[in-house]
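Good morning, colleagues. Please take a moment with the sequence and the model before I turn to the salt bridges.

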Amino acid sequence: MAPWIIQIALVAMSILTETTEGKKDKVLYCSACRAIVDELNYSISQIDPKKTIHVGGFRLKPDGSLTDKKVPLARSESNLSELLDGVCGSMSDYALHMDPDTKIKQYKRFAPRSSDAGDFPDFNNFKFDGPEGSNALKFVCESIVEEFEDYIISLFAKETDHVVDKLCNEVSDHCKGTKFQSDEL
C-alpha cells in the first residue's frame, strides 16, 4: 500500500509543479525590450555628436607618448552604461496599446517627449492599468537590463541599425515569433 501512496504523491507533485511554473508574458517582455532600445536610441540622439571622450589606458609608451584615443561620447561604453542605468525610469510613460485594426497588443509610449510636444497619440486604444502596469513593465525592463547589460552596451557601441531585431529577437528571444514590426515603436 505504501508504494501506491508514494506514486500518487509523485504524480500530484509533478502536476502541481507544471501548473505553478510561471510563463513569461510575451507581450510584456517583448514590449519592454523594444522600449529599452527606443529609449536608448532617443537618449543617444540627444547627445551632441561632436562631443568626444578619451578612452584607453593612459599609459606612456616607451617613446613617451600616451596610448589614449578619442571616441564619440554618445556611443562610448561609459555613457551607454550611464544611460542604461536610467532607462527603466521612463517605463511609466508606456501603457498597453491595442491596435484597432490588427488587434495586436503591445506596450507603447503614450507620453510625448519634449521634442514631440504636439504629437499626441490616440488615447482610445490605450489601456491604463495604473501604477501596476507601469511597475510590471519597469520590473521586466530592469530584469532585461540586468541579464543582458553587456550585450546591450556592445550592440549600441557598435551598431546603429537593427539593434531592436538583434537584441529582442536574436539575443534575448523575447520577440521571437511575434507579429511586431520594427517601425511600430
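Is Arg113 buried or exposed? Arg113 counts as buried because its relative accessibility is 12%, where buried means under 20% relative accessible area, exposed over 50% and partly exposed in between, with a 1.4 Å probe and protein chains only.

A word on the source: this is a predicted model, in which local features need pLDDT of at least 70 and side-chain atom pairs count only at pLDDT 80 or more, while totals for chains, interfaces and linings use all residues. Residues are numbered from 1 along each chain as its sequence is written, and side-chain values use heavy atoms, with hydrogens and water left out.

The structure holds five salt bridges, each a side-chain nitrogen of Lys or Arg within 4 Å of a carboxyl oxygen of Asp or Glu. Arg113 forms one with Asp38, the closest N and O atoms being 3.0 Å apart. This pair links distant parts of the chain, 75 residues apart: Arg113 is in the loop between β4 (105-109) and β5 (126-127), and Asp38 is in helix α2. Helices (H or I, at least four residues) and strands (E, at least two) are DSSP runs, numbered from the N terminus. Asp38 is buried at 18% relative accessibility.

Arg113 also meets Glu39 in a salt bridge, at 2.8 Å from N to O. Glu39 is buried too, with a relative accessible area of 6%. As for helix α2 itself, 14 of its 20 residues are buried.

Finally, Arg109 and Asp93 form a salt bridge at 3.1 Å, N to O. Asp93 is partly exposed, at 22%.
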